Amino acid sequence: MNGLSSSLFLPAIVFLPLIASIIAFLVGRNRLQGRINMLFALLQFLLVILTTVLFLSEQSYQSSRYVIGGWGAPLGIDLVVDGFSILMIALTGLLTLLISAYSTSYFSEQFSSEQKGLRFWPLWWLLIAGLNALFVSGDAFNIYVCLEIIGLSAAALVAIQGTRAALEAALRYLLVGLLGSLFYLLAIAILYRTHGTLDLMQIAASADNGLPDKVAMILIAIGLLLKIALFPLHFWLPQAHANAPTPVSAILSALVVKASLYVLIKFWFDILGETTTFGASQVLGALGGAAILYGSWSAFRATQLKVLIAYSTVAQLGYIFLLFPLSKYAVGGSSFSGSASQAAIYFIVAHACAKAAMFLSAGNLILSQGNGEIAQLKGIATREPLNVLVFAIAGISLIGLPPSAGFIAKWLLLTTSIESGQWWWVIVVIAGGLFGAMYLFKVLGLAFTSGTVDTGQGNKQPREHVSGVMTAVAMILAIITLALGFNAEFILNISNPIVEASSV
Amino acid sequence: MFKKLDTDYAGAAVDKNASRLSVSILVAGLLVLLVTALLGYDAHDVGLEPLVTQSIELSGVTNPVTAVLLNFRAYDTLLEIAVLLIVVIAVLPIDDRRTAFFRRVAETKHDLVLSALQRWIAPALVIFAGYLLWAGAYQPGGAFQAGALLAGACVLLFQGGTYRINYTSSIARLLLVIGLIIFVAVGLALIWVEGSLLTYPLESSSILILLIEACATISIAIALASLYSSLFDTAFPAVNMGKNESIT
Amino acid sequence: MSLTMVFDALLILSMLTLGWMSIFSVSLFRCIVFFVCLGLLATIAWGQLGAFDVAIAEAAIGAGITGALLLAAWNQIRPLVAKDSDMVETNQSVAQEHV
Amino acid sequence: MTSELLYMIAGLGLFSIGLSGVLIAGHVMRKILALNVMGVGIFMFLIALARKSESVFDPVPHAMVLTGIVIAVAGTALALNLMVRIHNIDETELERTRQESAKPEKIEL
């Protein structure tokens with residue numbers, strides 16, 4: 001590898017947020033705190049952009065490695081980056097920048113939560129470090145440590161609010177996360193016993209269809225499905241995502257569940273691809289379908305705005321799981337390539353942007369309204385037109401209406417399911433879209449109704465003015481969602497070689 | 001199962017809502033599957049043992065476990081210290097850097113057993129921790145064991161309430177992250193010197209490993225001690241924060 | 001069957017029993033005590049399997065620090081006095097002591 | 001059957017005991033203990049597979065277990081802290097309702 005290689009930047013992607021968290025922890029309460037964190041967010045973003053550009057300019061789109069400690073794969077730990085992970089890193093960089101900007105305002109004195117900000121920033125940067133470390137990791141045990149960093153810091157961030165509901169949600173989230181990690185650790189122990197290595201590539205090379213590998217795949221699937229919150233295991237998600245501070249809710253829905261999904265996709269298609277079968281993938285698809293219907297229905301029945309959005313995440317995760325049945329399963333093992341994986345990648349990006357926009361705008365609406373009751377939102381469109389607009393754009397993308405990123409993602413899913421002859425998923429996708437429209441128009445309909453509900457009580461509540469930065473960040477995310485919809489070919493052209501490259 | 005988190009002290013040992021039958025069938029099935037996978041298939045014959053033995057001369061230490069933890073797979077250990085830091089940040093009270101790091105609180109009841117323990121056991125623990133840290137290079141021991149012992153000594157010393165450490169003062173904060181700072185700094189400096197992250201130069205690897213281990217020991221000790229006192233000390237604001245918030 | 005095998009079997013059996021009892025014992029305090037015992041037996045087992053580094057860590061962290069954390073948490077959540085009527089008073093007096 | 005295999009099966013047994021504990025145990029503290037028991041089971045599995053013969057040990061699983069022990073104690077500490085905070089909020093709530101219910105009685109008297 002000659003010249004400037006994207007792998008040179010891999011350690012920096014992990015270490016920059018670590019340094020940021022150390023500094024945030026040491027600095028503590030300080031006038032400059034917000035600026036320091038913004039500086040790090042900008043640096044992080046530039047670094048990610050540079051890495052992505054370098055990776056794309058390397059033409060081959062081959063996975064590149066960075067050897068830590070000069071030992072090499074079986075003995076040491078290698079950082080590996082391929083098309084899929086570079087996409088996730090880029091997404092993380094973008095959302096980190098935007099949500100950090102939002103948080104500097106959210107945790108400022110204006111909203112009397114500066115105290116919480118002191119605990120927020122170090123944990124926030126450790127979470128980002130964990131996410132980045134996970135996406136560049138090429139070692140099975142290293143992934144376990146990264147999963148623990150993500151799980152513990154996410155649970156600690158949920159608990160920041162300090163209310164009983166938040167603490168209980170955080171405790172449940174923590175216990176579920178620890179349980180999932182233990183399943184993953186046992187799977188790694190079994191894999192190490194059979195293959196004698198922890199490097200993912202080497203495990204993939206020597207994996208066969210034997211019983212130990214199958215058992216390991218089952219354990220990994222159980223553990224990670226717990227963390228992803230696929231339908232019957234989703235019980236912890238709505239409370240955790242709804243009770244967290246708004247920026248945390250956004251990152252949890254947009255990235256943290258996707259991190260576990262990333263690991264599952266890696267193992268299912270690449271590393272232990274030989275063990276997965278069409279039948280098993282149909283089970284995952286069925287659970288995904290059930291998640292779409294159940295999540296949408298629960299979202300429709302929710303009375304709190306944030307709970308509604310959290311249930312919508314449960315439903316949207318169901319769509320991504322249609323990836324598993326729609327992929328091609330050959331005799332020699334499955335692979336993460338073709339139109340199904342393209343649809344899934346597009347869906348991950350679209351959902352991350354739309355859901356982050358939706359959570360941020362909902363947080364603004366809640367701050368402006370004083371509480372999170374959906375019924376209280378009546379007529380809020382006149383007071384907060386921009387935030388309602390952002391909410392509407394994000395909603396359009398989540399329903400899958402044109403012109404939005406969600407539309408293209410769903411279109412790809414539909415065409416893939418027709419191509420592969422599995423027409424039953426078409427029904428699920430369309431029904432999910434209808435349900436989605438139901439719960440989102442319920443909110444929007446209320447927001448655009450003129451007049452306010454029980455004005456006497458509403459006026460008494462202290463209404464805080466939402467800062468311009470917070471609205472602007474939500475707006476930028478909404479615009480990105482729309483732009484992804486308008487420039488579909490551009491994105492597909494980029495993601496196409498990425499998908500080709502990420503298959504082994 | 002997790003729908004309602006039971007915090008009732010006198011509650012039953014087994015959750016009444018959980019279906020014991022289905023859980024035991026599921027778990028038994030999983031166990032049978034695991035044992036079958038274990039018995040029917042042979043393990044990899046050597047694992048990574050030959051590779052470690054082969055490269056241990058280049059690692060700067062002779063204890064293979066320390067070599068794996070702080071040289072071959074040092075990146076894992078670095079992230080693991082970050083895990084400990086996460087919990088400390090989550091548990092520490094918000095901010096109180098005005099009070100000194102170490103102070104003497106008013107004399108409390110004199111407990112004969114406790115003071116004897118403090119006088120005899122605690123210094124022994126500190127010395128033994130130092131020995132474990134030093135000896136970790138060539139025999140069982142190392143930063144984590146030493147850190148845990150040191151934390152034990154801390155807990156014992158501050159049990160009586162005569163002395164107290166303020167874990168949120170600036171000094172304590174620095175000590176809490178010093179392990180991570182040195183680890184990250186050495187790792188990044190070695191990119192400059194050797195061209196790759198955490199690649200120790202052969203001649204100075206043992207001294208660098210000892211430096212990292214010593215700093216990590218301090219951080220681990222303070223971290224574990226602060227985790228303990230966050231639960232034990234009723235005056236610790238983190239535990240009582242919920243109380244204050246719900247009152248106001 | 002050699003003598004060490006018998007010892008191993010006994011160790012394993014008692015660890016499994018302690019594992020069960022440390023979750024399902026009647027009182028929480030017993031659960032914690034059994035868990036610390038499990039940690040100490042685990043130390044012996046790791047030594048038996050030749051993992052001396054892990055044995056030291058298990059004794060110091062697994063049994064020692066975890067046990068101390070569990071006991072401290074238990075101390076916080078246990079009811080101070082069984083009688084309901086006295087509870088408020090006792091709580092206040094305890095609070096005064098700590099202040 | 002070698003004693004390593006015996007230890008590995010016992011490790012899987014401890015994992016299963018812990019798992020059933022997590023799923024059906026009542027109090028949160030029991031669930032936390034059960035997670036720790038699961039961890040001990042996995043550690044036992046790893047350490048048993050690390051012994052290749054009487055005197056040959058694979059140090060990598062040992063290092064994995066050491067990392068795992070520290071992560072386990074970190075997770076336990078966070079969970080216990082959250083549990084105690086929830087308990088304290090409940091306690092204050094209980095106390096307040098008791099005091100509030102005590103007041104009207106005095107007025108009646």
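# Briefing: strands, interfaces and salt bridges in a predicted model

In chain A, strands S1 (residues 64-67) and S2 (residues 78-81) run antiparallel and are joined by 4 bridges. The model is predicted. Over all chains, the structure holds 10 salt bridges and 0 disulfides. Chain B is in contact with chain A and with chain C, and a salt bridge links chain A to chain D.

**The strand pair of chain A**

- Among the residue pairings, Arg65(A) has Val80(A) as its bridge partner in S2(A), and Tyr66(A) has Leu79(A).

**A buried threonine in chain A**

- Thr471(A) is part of helix H19 (residues 468-486) of chain A.
- The relative accessible area of Thr471(A) is 12%, so this residue counts as buried.
- Leaving aside residues up to four places away in sequence, Thr471(A) touches Asn364(A), Leu386(A), Asn387(A) and Val466(A).

**Interface of chain B and chain A**

- In this interface, 56 residues of chain B are in contact with 62 residues of chain A.
- The two chains bury about 5,300 Å² between them, and carbon and sulfur atoms give 74% of that area.
- Polar contacts between chain B and chain A involve 12 residue pairs, both residues being at pLDDT 80 or more.
- The rule finds 1 salt bridge across this interface: Arg73(B) pairs with Asp139(A), with the closest N and O atoms 2.7 Å apart.
- On the side of chain B that touches chain A, at least two residues each come from helix H1 (20-40), helix H2 (49-55), helix H3 (64-72), helix H4 (74-91), helix H7 (170-194) and helix H9 (237-247) of chain B.
- H4(B) gives the largest share of that side, 12 residues.
- Arg73(B) also meets Asp76(B) in a salt bridge, at 2.8 Å from N to O.
- Both Asp76(B) and Arg73(B) are buried.

**Interface of chain B and chain C**

- Here, 21 residues of chain B are in contact with 21 residues of chain C.
- About 1,800 Å² is buried between chain B and chain C, with 72% of it on carbon and sulfur atoms.
- Between these chains there are 0 salt bridges and 4 residue pairs in polar contact, both residues being at pLDDT 80 or more.
- Helix H6 (143-157) and helix H8 (205-232) of chain B each supply at least two residues of the side of chain B that touches chain C.

**Architecture of chain C**

- Chain C contains 4 helices and 0 strands, and its pattern along the sequence reads α-α-α-α.
- Of the 99 residues in chain C, 47% are buried.
- Among contacts in chain C between residues at least 6 apart in sequence, 46% join residues at least 24 apart.

- The structure holds 0 disulfides over all chains.
- Cys31(C) is in no disulfide, the nearest cysteine sulfur being that of Cys37(C), 12 Å away.
- Cys31(C) is buried, at 0% relative accessibility.
- For Cys154(B), the closest cysteine sulfur is in Cys215(B), and the distance of 16 Å is too far for a bond.
- Cys154(B) is buried too, with a relative accessible area of 17%.

**Salt bridges involving chain D**

- Arg164(A) forms a salt bridge with Asp90(D), the closest N and O atoms lying 2.5 Å apart.
- The pair joins two chains, because Arg164(A) lies in helix H6 (residues 164-195) of chain A and Asp90(D) lies in helix H3 (residues 59-108) of chain D.
- Arg164(A) is partly exposed at 27% relative accessibility, and Asp90(D) is partly exposed at 25%.
- Glu93(D) and Arg96(D) meet in a salt bridge of 3.0 Å, N to O.
- Glu93(D) and Arg96(D) are 3 residues apart in helix H3 of chain D, about one turn of the helix.
- Glu93(D) is partly exposed at 36% relative accessibility, and Arg96(D) is partly exposed at 33%.
- Salt bridges with shared partners join Arg164(A), Glu168(A), Arg172(A) and Asp90(D) into one network.

Notes. Residues numbered from 1 in each chain as written. Chains lettered and ligands numbered in written order. Predicted model: local features only at pLDDT ≥ 70, side-chain atom pairs only at ≥ 80, totals over all residues. Heavy atoms only, no water. Pairing = 2+ DSSP bridges. Disulfide = S-S within 2.5 Å. Buried < 20%, exposed > 50% of the residue type's maximum accessible area, 1.4 Å probe, protein only. Contact = heavy atoms within 4.5 Å. Buried area = accessible area lost by both parts, 1.4 Å probe. Salt bridge = Lys/Arg side-chain N within 4 Å of Asp/Glu carboxyl O. Polar contact = N/O pair within 3.5 Å; in protein donor to acceptor, adjacent residues only side chain to side chain.
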